[in-house]
Amino acid sequence: MTRKLLSFLLLAAPLGLGCAGPAKLAERSESKLAQGDLWRSWTLATQALDRAPGNPRAQAAAGAAAAAIAADWQRRIRGLAAVDSLAAAEQVMEFVGFRASAARYTTVQVDPAWEGDERALRQGAARTHYRSGSDDMATKRPKRAYAHLVAAERLVPGYRDAARLADRALEKAVTRVAIVPLSGASGGSLLGRRVAASWRGDLAEHLTAPASRFTRILPIEDVERVLTFSDLGRLNRDDAVRIARKAGAERVIWGTIGPPDSRSGIQFFSDRVAHRIVEKSADGTTTVRWVDVPIDVVARTRTVTVDVEYEVIATRDGATLARQRDTRTLKARVVWTAFTPEGAPDTYSLVSEQARSADPERAKQVEAKWVAVVGEGTTLAQVLDARRSRPPEPGQALARFMAGAAFVLLEELPSTEEMTFGALAGAWKPLREDLVRLDAVDDVELGVTSVTGER
């Protein structure tokens with residue numbers, strides 16, 4: 001066999017398989033069905049029909065697999081109904097969904113007796129959920145009531161007045177949360193207001209269904225509107241509850257910020273680094289040589305550590321529903337060098353390979369000194385590349401530090417106040433976990449009592 005013929009056959013083989021694909025898939029579907037692997041049989045049959053919708057063998061395979069799945073599903077539902085009618089009704093809904101999705105491939109036949117059983121299971125489950133929802137509403141558990149009433153409507157669309165009662169339950173279940181300015185240890189209000197606004201924005205964005213169905217973060221305007229001039233100072237716990245009630249919130253986030261601990265440092269790297277120069281001669285050959293060049297790099301660091309504590313408080317009776325204390329840290333490193341590289345930044349190295357081979361101990365010392373100044377993982381090429389770029393604005397630099405940047409090429413560090421805000425801005429994540437945990441729990445279950453009347 002010639003190489004040209006072999007190449008032709010290798011190219012033609014996939015084309016032949018592509019034409020025979022639906023038939024082969026249908027054959028494999030039949031085999032899987034005979035082995036009792038119903039769902040794999042169904043998948044293979046539908047794949048065949050996706051490729052060739054009119055293929056008779058694939059149509060027959062899909063019909064056989066669907067019929068087997070339907071028979072198995074009905075058998076399991078009837079067995080489950082004897083011990084757990086609600087779970088059986090949920091299986092009915094999944095079976096109904098399967099029949100609807102299978103309609104594009106085949107018709108899943110069910111006998112009239114099954115239709116009656118199915119209808120009875122759905123009606124019975126809807127009746128149970130409706131009764132449970134009504135009882136929950138009577139015992140002031142609107143969140144649990146909402147779940148039951150929605151289930152009743154889903155099982156039997158239009159069941160009694162389940163949809164109307166579900167809307168009513170949702171109205172009562174919604175939990176409005178106000179976030180008031182945090183109190184700073186120094187008594188200043190600006191930082192606490194900025195942190196509260198930052199948390200409010202992140203929580204409003206990330207508290208979404210299905211993790212959070214009932215919690216609503218109040219807009220900043222609703223809180224600011226009820227703040228008085230005296231409230232702009234340091235808010236205590238009672239002030240927070242009072243303000244949140246005025247704003248129409250059922251819960252309030254109140255917290256305190258401890259005094260920040262700020263530590264600054266400065267490091268210098270002054271040494272000679274290697275520059276790789278590639279020269280090309282007249283005959284086209286290239287020569288690589290390394291030239292040592294002096295460089296001075298200055299790094300300034302600032303590490304801010306601050307304690308923050310928050311409470312989730314029920315405004316009805318002032319009960320604490322969640323509380324956490326955390327220590328937040330943010331580190332900033334700014335690097336500066338007056339050195340302007342000639343050529344690409346990646347043509348520079350702390351130590352050339354020849355120098356490393358000749359004096360490995362000195363190479364280790366240079367690299368260790370570099371890491372001590374610019375930080376672990378920061379390369380000379382990165383610093384030189386940053387040197388050629390335009391330094392970011394101070395506000396942009398803070399955002400980069402908050403995102404975990406190893407260094408920023410600047411002359412000045414962000415202030416302690418700015419870094420304190422940066423450290424605290426990310427503290428919304430544990431708060432979100434607390435709010436998600438509380439979202440589906442009714443106030444009655446939390447032991448919250450009403451002192452202001454019911455909605």
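Modeller: Let's start with a facing pair: Val304 stands opposite Leu330 in β7. This is a predicted model, in which local features need pLDDT of at least 70 and side-chain atom pairs count only at pLDDT 80 or more, while totals for chains, interfaces and linings use all residues. Residues are numbered from 1 along each chain as its sequence is written, and side-chain values use heavy atoms, with hydrogens and water left out.

Biologist: What makes β6 and β7 a pair, and in which sense do they run?

Modeller: Strands are DSSP runs of E with at least two residues, helices are runs of H or I with at least four, and both are numbered from the N terminus. Two strands pair if DSSP finds at least two bridges between them. β6 (286-314) and β7 (320-337) have 17 bridges in the antiparallel sense, so they meet that rule. Ile313 also stands opposite Thr320 in β7. Their hairpin has five residues between the strands, and Gly318 there takes a positive phi near 75°.

Biologist: How many bridges join β5 to β6, and how many join β4 to β6?

Modeller: Strand β5 (residues 261-280) pairs with β6 in the antiparallel sense over 20 bridges. Arg272 has Pro294 as its bridge partner in β6, and in the five-residue hairpin between β5 and β6, Gly284 has a positive phi near 95°. Strand β4 (residues 251-257) is also antiparallel to β6, with seven bridges, and Ile257 has Val308 of β6 as its partner.

Biologist: Val308 also lines the largest cavity. Why is that space called a cavity?

Modeller: Rolling a probe the size of a water molecule over the atoms shows where empty space is left. Here, on a 1 Å grid over the protein atoms alone, a cavity is a set of points where a 1.4 Å probe fits but cannot get out, and lining residues have an atom within 4 Å of a point. Grid points are joined across faces, edges and corners, and the volume is the space filled by probe spheres set on the points. The whole structure has one cavity of 30 Å³ or more, and the largest holds about 30 Å³.

Biologist: What kinds of residue line the largest cavity?

Modeller: The lining is Trp199, Val308, Tyr310, Gln324, Asp326, Ala427 and Pro430. Ala, Val, Leu, Ile, Met, Phe, Trp, Tyr, Cys and Pro count as nonpolar, Asp, Glu, Lys and Arg as charged, and the others, Gly among them, as polar. That gives five nonpolar, one polar and one charged. β6 and β7 each supply at least two of the lining residues.

Biologist: Which handedness does the crossing of α8 and α15 have, and how do you know?

Modeller: Axes are lines fitted to C-alpha atoms, for helices over the stretch in contact, and angles run from 0 to 180 degrees between N-to-C directions. α8 (residues 190-206) and α15 (residues 416-425) pack at about 30°, with axes 10 Å apart. A crossing is left-handed if the near helix is turned anticlockwise from the far one by less than a right angle, and right-handed if clockwise. The crossing of α8 and α15 is right-handed. Contact means heavy atoms within 4.5 Å, and Trp199 of α8 and Phe421 of α15 are among the residues making it. By class, this contact has six nonpolar, two polar and three charged residues.

Biologist: What makes the backbone at Lys140 and Pro210 worth a look?

Modeller: Most residues other than glycine have a negative phi, and most peptide bonds are trans. Lys140, in the loop between α5 and α6 (142-155), has a positive phi of about 60°. The bond from Ala209 to Pro210 is cis, with omega near 5°, and Pro210 sits in the loop between α8 and β3 (215-217).

How values were computed:
1 Å grid on protein atoms, 1.4 Å probe; cavity = no way out; pocket = protein on both sides within 12 Å on 5 of 7 lines; lining within 4 Å.
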